[in-house]
Amino acid sequence: MANDSLTRAQIVGDVLDPFVSSVPLTVMYDGRPVFNGMEFRSPAVSLKPSVEIGGDDFRVAYTLVMVDPDAPNPSNPTLREYLHWMVTDVPSSTNDSFGKEIVPYESPSPTMGIHRMVLVLYQQLGRGTVFAPQARQSFNSRSFARRFNLGKPVAAVYFNCQRPTGTGGRRFT
């Protein structure tokens, strides 16, 4: 089962099916590691993060996907899931710079509410087997994974993001 914080934040359910994390995934914005549930203002995530992927077999390739399941606002997420970034063919034990960015990073810029930003890692069957979707809006992580035979995620992390002048934070009971 995925870790409790992903379930409590309804990432498991809204975006992903239950899974077991099996690959270390480190996401950092400006040298600051991201942990599940962290709060960021949009200026702090304006530049793409650095992402390190664990493992020890360079022959294994991964796809990294970043989505916003709360677009355009958490009360009415009609664009769920909005695709912010996609990198494919990332070799094990390297970082995102060794992969192929097929959907350029678009910084989160929520205008209303607090948005969950989810970074999901999938293991590919081989290099060159995953392609960019037609559109960013209404992306579906589950359908995408089925289409390219990616199976369940091998890792995921999320953070909360709001506009610079936003107030408060998400509360999960």
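Me: Two strands count as paired if DSSP finds at least two bridges between them. In which sense do β1 and β2 pair, parallel or antiparallel?

Reply: The model is predicted. Strand β2 covers residues 32-33. Two bridges link β1 to β2, which meets the cut-off of at least two. Their sense is antiparallel.

Me: Which residue takes a positive phi in the hairpin of β1 and β2?

Reply: Two residues sit between the strands of this hairpin. A positive phi near 50° occurs there, at Asp 30.

Me: How many bridges join β1 to β4?

Reply: Strand β4 covers residues 50-53. β1 and β4 run antiparallel. Met 28 in β1 stands opposite Ser 50 in β4. The number of bridges between β1 and β4 is four.

Me: Which residue in β2 stands opposite Met 28?

Reply: Strand β1 spans residues 25-29. Its covered face holds Leu 25, Val 27 and Tyr 29. In β2, the residue opposite Met 28 is Pro 33.

Me: How many residues apart in sequence are Arg 116 and Asp 14?

Reply: The side chains of Arg 116 and Asp 14 form a salt bridge, 3.0 Å from N to O. Arg 116 belongs to strand β8 (residues 115-123) and Asp 14 to helix α2 (residues 11-14), so the pair ties together parts with a sequence separation of 102 residues.

Me: What distance separates the closest N and O atoms of Glu 101 and Lys 48?

Reply: Glu 101 is partly exposed at 36% relative accessibility. Lys 48 is partly exposed too, at 42%. The two form a salt bridge, and their closest N and O atoms are apart by 3.2 Å.

Me: Where in the chain does Lys 48 lie?

Reply: Glu 101 and Lys 48 form a salt bridge. The pair links distant parts of the chain, 53 residues apart. Glu 101 is in strand β7 (residues 100-103), while Lys 48 is in the loop between β3 (38-41) and β4.

Me: What is the relative accessibility of Arg 59?

Reply: Arg 59 and Asp 57 meet in a salt bridge at 2.9 Å, N to O. Asp 57 counts as partly exposed, at 24%. Arg 59 counts as exposed, with a relative accessibility of 70%.

Me: Which residues do salt bridges with shared partners join into one network?

Reply: The model has seven salt bridges. Some share partners, and these form one network of Asp 14, Asp 70, Arg 80 and Arg 116.

Methods. Residues numbered from 1 in each chain as written. Predicted model: local features only at pLDDT ≥ 70, side-chain atom pairs only at ≥ 80, totals over all residues. Heavy atoms only, no water. Buried < 20%, exposed > 50% of the residue type's maximum accessible area, 1.4 Å probe, protein only. Salt bridge = Lys/Arg side-chain N within 4 Å of Asp/Glu carboxyl O.
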